[in-house]
Amino acid sequence: MTWTMTNPIEPGWYWFQAAEHLPPIIVCLHMDNSDPESVDGWVVDFAGDERHMESNKLKGRWAGPLPLPEEEKCWRLKKR
């Protein structure tokens with residue numbers, strides 16, 4: 001995974017960093033066509049916050065989407 005200045009167009013969880021002096025945060029990118037003012041429908045939700053923002057209004061660098069973790073064998077049910 002590498003950083004890019006191009007806004008993502010695939011739903012998922014991403015690293016986002018608005019400026020070099022700010023820490024990167026994890027955001028959720030998804031489609032939301034409910035806003036008639038939206039340019040392309042892609043919005044970002046910020047963890048722990050109810051507000052969201054159109055992704056095309058965010059300027060910074062992105063990395064992702066974050067892959068799902070692999071399942072551990074300990075979660076599988078054992079046959080008796």
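Predicted model: local features only at pLDDT ≥ 70, side-chain atom pairs only at ≥ 80, totals over all residues.
The chain contains five strands and zero helices, where helices (H or I, at least four residues) and strands (E, at least two) are DSSP runs numbered from the N terminus. Along the sequence the order of elements is β-β-β-β-β. Two strands are said to pair if DSSP finds at least two bridges between them. By that criterion, β1 and β2 are antiparallel and joined by five bridges, with Trp15 standing opposite Ile26 of β2. Strand β2, residues 25-31, also pairs with β3 in the antiparallel sense, again over five bridges. Within β3, Val44 is the bridge partner of Leu29. On to β4, residues 52-54, β3 is connected by three bridges, and these two strands likewise run antiparallel.

Strand β3 spans residues 42-46, and four of its five residues are buried; buried denotes under 20% relative accessible area, exposed over 50%, and partly exposed the range in between, with a 1.4 Å probe and protein chains only. In a regular strand the side chains alternate between the two faces of the sheet. For the chain as a whole, buried residues make up 26% of the 80 residues.

The largest nonpolar core holds nine residues: Tyr14, Phe16, Val27, Leu29, Trp42, Val44, Phe46, Leu58 and Trp62. The elements giving two or more residues to this core are β1 (12-17), β2 and β3, and β3 provides the largest share, with three residues. Such a core is a set of buried Ala, Val, Leu, Ile, Met, Phe, Trp, Tyr and Cys residues joined through side-chain atoms within 4.5 Å. In soluble globular proteins, nonpolar side chains tend to be buried together.

Contacts, defined as heavy atoms within 4.5 Å, show the surroundings of individual residues. Not counting residues up to four places away in sequence, Phe16 touches Trp3, Pro24, Ile25, Val27, Leu58, Lys59, Gly60, Arg61 and Trp62. Pro8 lies in the segment before β1 and counts as buried because its relative accessibility is 10%. Beyond its neighbours within four places in sequence, Pro8 is in contact with Tyr14, Leu29 and Trp62. The C-alpha atoms of Pro8 and Ala63 are separated by 8.6 Å, although these residues stand 55 residues apart along the chain. Across the chain, residues 24 or more positions apart account for 40% of the contacts with a separation of 6 or more.

Gly41, in the loop between β2 and β3, is buried because its relative accessible area is 3%. Leaving aside neighbours within four places in sequence, Gly41 is in contact with His30, Met31, Asp32 and Asn33. In the segment after β5 (61-63) lies Pro65, and the peptide bond from Gly64 to Pro65 is cis, with omega near 0°. Most peptide bonds, by contrast, are trans.

Met1, Trp3, Trp13, Trp15 and Ile26 form a nonpolar surface patch, together exposing about 520 Å² of accessible area. Patches are made of residues with over 30% relative accessible area and no salt bridge, like charges being joined within 9 Å and nonpolar side chains (Val, Leu, Ile, Met, Phe, Trp, Tyr) within 5 Å. Met1, in the segment before β1, counts as exposed because its relative accessibility is 63%.

A search of the whole structure finds one salt bridge, defined as a side-chain nitrogen of Lys or Arg within 4 Å of a carboxyl oxygen of Asp or Glu. Lys57 forms this interaction with Glu54, the closest N and O atoms being 3.6 Å apart. Lys57 is exposed because its relative accessible area is 55%, whereas Glu54 counts as buried because its relative accessibility is 9%.

How values were computed. Residues numbered from 1 in each chain as written. Heavy atoms only, no water. Areas by Shrake-Rupley, 256 points an atom, 1.4 Å probe, with all protein chains shown as cover.
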